[in-house]
Amino acid sequence: MLHVSRIKSTFLAGLVSALGVFNVQAADLTVGANIGNVPWEFEDASGKVTGFEVDLVNEIAKRLGKSVEFVNTPFNGLFPAVQSGRINMAISSITITEKRLASVTFAQPYYDSDQSLTVTAASGITGLKGMSDKVVGVDTGSTGDMWAEAHKGEYKLGEIRKFEGLQPAMLDLVAGRIDGYISDIPALLYYAKDKPELKVVERIPTGEKYSIMFNKGDPLATEVNKVITTLKGEGFIAKLHETWFGAKAEDTTSTVAVLDMPKAK
């Protein structure tokens, strides 16, 4: 019995030790991201998670002296995940809105954007007026989703079909299962630039600004906001813009200009 007890004690000690090592290696910051949201966060040919916001968050974590882990999360799942504390913060070209500010906190924005309509070149559709009685795809819970629902009657849109990210929507668009896709214009321009079978046919002005999302009142948001101010001052985020979009960011945009943290009215 003594021999068995000694074996058990050794095993438990080893298990505790192993768990301790695991905890030490766990990331300091858990970041939810809808992987596949090109060019913000997606997997490259080697399977590595990359993108504009991935580069930004990695630099922020570096400045804070923290390690980071990206957790693939559907866009609509980012909100309950950050509110419940399952993740520390969320990215995925998330637009700051008055409604969202009531329940979550954002750092200052770093990108100005609009929505857009993308169709197949073979469809002959040249804009929203050609979407009458057509099936339109949107990302569940996104600004594009809200815009399509609000303007469904105005443009006589047919069915509004919900997707969890750009890739499945693009597959259905090319296959003819939807007639158009409404989503963030930078992502669609980047995605379609080397695909002649796809066309971004109309910009939909919405005045969106993207930022990192946190649980309501989380002090981490203030820490991250300060780092973003520093990175803007150093021109780091402007360089990211040139890297990912091949164009210089205008000085008046939130990519360059230091702004206050957004607050609910």
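The structure is a predicted model, in which local features need pLDDT of at least 70 and side-chain atom pairs count only at pLDDT 80 or more, while totals for chains, interfaces and linings use all residues. Residues are numbered from 1 along each chain as its sequence is written, and side-chain values use heavy atoms, with hydrogens and water left out. Helices (H or I, at least four residues) and strands (E, at least two) are DSSP runs, numbered from the N terminus.

**Aromatic contacts**

- The structure holds 13 aromatic pairs, where rings of Phe, Tyr and Trp (its six-membered ring) pair if their centres lie within 6.5 Å, and planes under 30 degrees apart count as stacked, over 60 as edge-to-face and the rest as tilted.
- One of these pairs is made by Trp 40 and Phe 245, and it is tilted, with 5.5 Å from centre to centre and 55° between the planes.
- This pair links distant parts of the chain, as Trp 40 belongs to the loop between β1 (29-33) and β2 (42-43) and Phe 245 to helix α9 (residues 236-245), 205 residues apart.
- Trp 40 counts as buried because its relative accessibility is 0%, whereas Phe 245 counts as partly exposed because its value is 23%; buried means under 20% relative accessible area, exposed over 50%, and partly exposed in between (1.4 Å probe, protein chains only).
- Trp 40 and Phe 245 also belong to one aromatic cluster, together with Phe 52, Tyr 110, Tyr 111 and Tyr 210.
- Elsewhere, Lys 195 lies over the face of Tyr 191, at 4.1 Å from the ring centre; a charge sits over a ring if NZ of Lys or CZ of Arg is within 6 Å of the ring centre and within 35 degrees of the ring normal.

**The cavity**

- On a 1 Å grid over the protein atoms alone, a cavity is a set of points where a 1.4 Å probe fits but cannot get out, and a pocket is an open set with protein on both sides within 12 Å along at least five of seven lines; lining residues have an atom within 4 Å of a point.
- The count comes to 1 cavity of 30 Å³ or more, and the largest cavity has a volume of about 170 Å³, taken as the space filled by probe spheres set on the points, with grid points joined across faces, edges and corners.
- Its lining consists of 19 residues, of which Phe 75, Ser 93, Asp 139, Ser 142 and Asp 184 lie nearest the centre of the largest cavity.
- The elements that give two or more residues to this lining are β5 (89-95), α5 (143-150) and β10 (180-184), and β5 gives the most, with 4 residues.
- By class, the lining of the largest cavity has 4 nonpolar, 11 polar and 4 charged residues, with Ala, Val, Leu, Ile, Met, Phe, Trp, Tyr, Cys and Pro counted as nonpolar, Asp, Glu, Lys and Arg as charged, and the others, Gly among them, as polar.

- The largest pocket holds about 340 Å³ of space, and of the 19 residues that line it, Tyr 111, Pro 186, His 241, Phe 245 and Ala 247 are the closest to its centre.
- At least two residues of this lining come from each of β7 (111-120), α7 (185-192) and α9, and by class the lining of the largest pocket has 9 nonpolar, 4 polar and 6 charged residues.
- The second largest pocket holds about 170 Å³ of space, and the residues that line it include Asn 76, Phe 79, Lys 99, Arg 100 and Met 146.
- Helices α3 (75-84) and α4 (98-101) each supply at least two residues to the second largest pocket, and the largest share of its lining, 3 residues, comes from α3.

**Single residues**

- Ser 93 is found in strand β5 and has a phi near 45°, a positive value in a residue other than glycine; Ser 93 counts as buried, at 4% relative accessibility.
- Asp 133, in the loop between β7 and β8 (136-139), has a phi near 60°, also a positive value in a residue other than glycine, but Asp 133 is exposed, with a relative accessible area of 67%.
- The peptide bond from Val 38 to Pro 39 is cis, with omega near 0°, and Pro 39 lies in the loop between β1 and β2.
- Thr 73, in the loop between β4 (68-72) and α3, is buried, with a relative accessible area of 10%.
- Leaving aside neighbours within four places in sequence, Thr 73 is in contact (heavy atoms within 4.5 Å) with Gly 32, Ala 33, Asn 34 and Leu 78.
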